[in-house]
Amino acid sequence: MSNPDAYIALISSLPGSERLFVAKQPPLSRLRLDRRLSALTPKDARVLKVLEHALNWSDYDMGVTDAQAIARCKDAVREIPQPTLRALFTARMDLRTAVAALRLRKQGGRPSTETFGLGRWSRHIPANWADPGFGLETVMPWLKEAKQLLDADDPLGLERLLLSVSHKQLKRHAARHLFDFEAVAIYVLIWNIFDRWAQSNAQDAAKRFEKMAHQAMAGAVEIDFEGART
Amino acid sequence: MNELVLTLGWLGIYAPMALGAAASAIGCSIAGMASIGAMTETDGGYGRFVGVSAFPSTMVIYGIVIMFTLNRDVTPENAGGLFGIGILSGIALMYCGIWQGRACAAAINATKEKPEIFGLALAPAAIIEGFGVFAFVFALVISAGIS
């Protein structure tokens with residue numbers, strides 16, 4: 001348990017977040033957030049860095065293997081002393097393992113060993129591979145909806161669902177931590193969710209813009225400019 | 001043996017004052033840190049934040065009044081009573097002050113986003129103040145029975 005009053009000024013200086021999926025931007029820029037986080041002790045800053053490094057998809061190379069990702073997460077768990085943050089990290093790994101299993105099964109694959117992914121359900125999932133929800137509907141009630149979205153080829157809907165589940169997990173733990181390091185770490189993880197959703201929209205917009213630009217350019221070659229043809 | 005008993009009596013007389021001062025110092029610093037943090041994020045209402053962060057300062061005032069009420073010639077007969085009332089009221093004031101500081105910090109943190117809940121957000125701190133007043137008043141009432 002961290003000192004409950006360790007970061008009163010830091011937490012009070014952070015703006016509250018708007019509702020997820022309503023806010024177009026995170027409540028403050030990463031530059032400003034990093035400036036505020038300079039108040040963390042070196043030890044806590046190190047834990048936060050490890051946590052973010054293991055959880056942020058942008059910190060993973062495209063060519064990273066399952067074994068490398070699992071090793072990174074196992075190393076991270078060892079370096080996180082706070083029980084709440086370990087529980088949050090484990091819950092996120094459980095979520096990712098379940099979604100990865102859904103994706104693998106949709107592609108017609110099977111786990112190559114008796115274990116799959118990381119966390120409490122890594123043995124349970126291969127053992128219940130034929131079950132639509134891997135026998136986890138009671139502990140992960142969102143799994144059914146995730147499967148439906150995956151089957152319907154709705155990646156944005158799936159992303160929205162997974163971010164929403166992660167956000168709820170974080171908010172549940174945030175209620176028990178007001179001004180300690182866990183509260184700071186949870187704020188940063190929620191900030192990352194907002195940022196990811198904002199980026200999802202930006203990426204979506206960029207793809208749409210690119211598609212429209214291609215269509216426009218394809219139409220442009222058909223235009224018969226005066227004097228352009230010989 | 002008598003010296004020890006008399007020492008405990010003097011300890012009881014000064015304890016509410018000392019523990020009340022510690023409570024106010026810790027509580028005000030907790031709430032004060034929250035108000036400083038909130039000031040960096042808001043554009044106004046600084047006076048309210050500073051005012052709220054001073055709430056736990058009442059604990060030392062209660063402690064001073066209890067100390068003056070208990071203050072008398074310490075004898076082996078009354079030392080036990082002075083010690084019991086002084087120490088226990090001081091501990092009660094200390095807990096009230098620290099937790100009131102935390103409640104004030106939470107209120108400041110909440111009202112920086114939603115100024116309209118300022119009054120309601122102070123309710124927990126006010127309730128804790130009530131518990132401090134209970135400890136204060138009944139220490140005075142009980143102390144009347146000490147010779």
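Visitor: How confident is the predictor in chain B, by average pLDDT?

Guide: This is a predicted model. Start with pLDDT, the predictor's confidence in each residue. Chain B averages a pLDDT of 93. In that chain, 100% of the residues score at least 70.

Visitor: What ipTM and pTM does the complex get?

Guide: The predictor gives an ipTM of 0.77. The pTM is 0.79.

Visitor: How many helices and strands does chain B have?

Guide: Chain B has 6 helices and 0 strands. Read from the N terminus, its elements run α-α-α-α-α-α. Its C-alpha atoms fill a box of roughly 60 × 20 × 15 Å along the principal axes.

Visitor: And how many helices and strands does chain A have?

Guide: Chain A comes to 9 helices and 0 strands. Its elements run α-α-α-α-α-α-α-α-α from the N terminus on. The box around its C-alpha atoms is roughly 80 × 50 × 30 Å, again along the principal axes.

Visitor: How do I read contacts along the sequence? What share joins residues at least 24 apart?

Guide: Take contacts between residues at least 6 apart in sequence. In chain B, 85% of these join residues at least 24 apart. For chain A, the figure is 61%.

Visitor: Where does UniProt place the transmembrane regions of chain B?

Guide: The UniProt record, an unreviewed entry, places them at residues 49–70, 82–101 and 121–146. Then check each span against the model. Residues 82–101 of chain B are 100% helix and 0% strand. The end C-alpha atoms of that span are 28 Å apart. Residues 121–146 of chain B are 85% helix and 0% strand. Here the end C-alpha atoms lie 40 Å apart.

Visitor: How do I read helix packing? At what angle do α1 and α3 of chain B pack?

Guide: Take the angle and the distance between axes. Helix α1 of chain B covers residues 2–41, and helix α3 of chain B covers residues 58–70. They pack at about 175°, with axes 7 Å apart. That angle makes α1(B) roughly antiparallel to α3(B), because angles over 145 degrees count as roughly antiparallel.

Visitor: Which residues make the contact?

Guide: From α1(B), they include B:Gly12, B:Ile13, B:Pro16, B:Gly20 and B:Gly27. From α3(B), they include B:Met59, B:Tyr62, B:Gly63 and B:Leu70. By class, the residues of this contact are 14 nonpolar, 5 polar and no charged.

Visitor: How many residues does each chain give to the contact between chains?

Guide: Chain A gives 11 residues and chain B gives 14. The chain A side has 7 nonpolar, 3 polar and 1 charged residues.

Visitor: What should I know about backbone angles?

Guide: Most residues other than glycine have a negative phi. A:Phe134 has a phi near 55°. A:Asp153 also has a phi near 55°.

Visitor: Where do A:Phe134 and A:Asp153 sit? Is each buried or exposed?

Guide: A:Phe134 is in the loop between α6 and α7 of chain A. A:Phe134 is buried, because 23 other C-beta atoms lie within 10 Å. A:Asp153 is in the loop between α7 and α8 of chain A. A:Asp153 is exposed, because it has 9 C-beta neighbours inside 10 Å.

Visitor: What does A:Gly133 touch?

Guide: A:Gly133 lies in the loop between α6 and α7 of chain A. Leaving out residues up to four places away in sequence, A:Gly133 touches A:Leu143, A:Lys144 and A:Lys147. A:Gly133 and A:Ala146 are 13 residues apart along the chain, and their C-alpha atoms are separated by 9.6 Å. A:Gly133 counts as partly exposed, with 18 C-beta neighbours inside 10 Å.

Note on methods. Residues numbered from 1 in each chain as written. Chains lettered and ligands numbered in written order. Predicted model: local features only at pLDDT ≥ 70, side-chain atom pairs only at ≥ 80, totals over all residues. UniProt positions renumbered as here; feature names shortened; annotations may be inferred. Helix = DSSP H or I, 4+ residues; strand = E, 2+ residues; numbered from the N terminus. pLDDT = per-residue confidence, 0-100. Contact = placed C-beta atoms within 7 Å. Nonpolar A, V, L, I, M, F, W, Y, C, P; charged D, E, K, R; others polar. Axes fitted to C-alpha atoms, helices over the stretch in contact; angles between N-to-C directions. Parallel < 35°, antiparallel > 145°, perpendicular 65-115°, else oblique. Buried ≥ 20, exposed ≤ 12 C-beta atoms within 10 Å, placed from the backbone.
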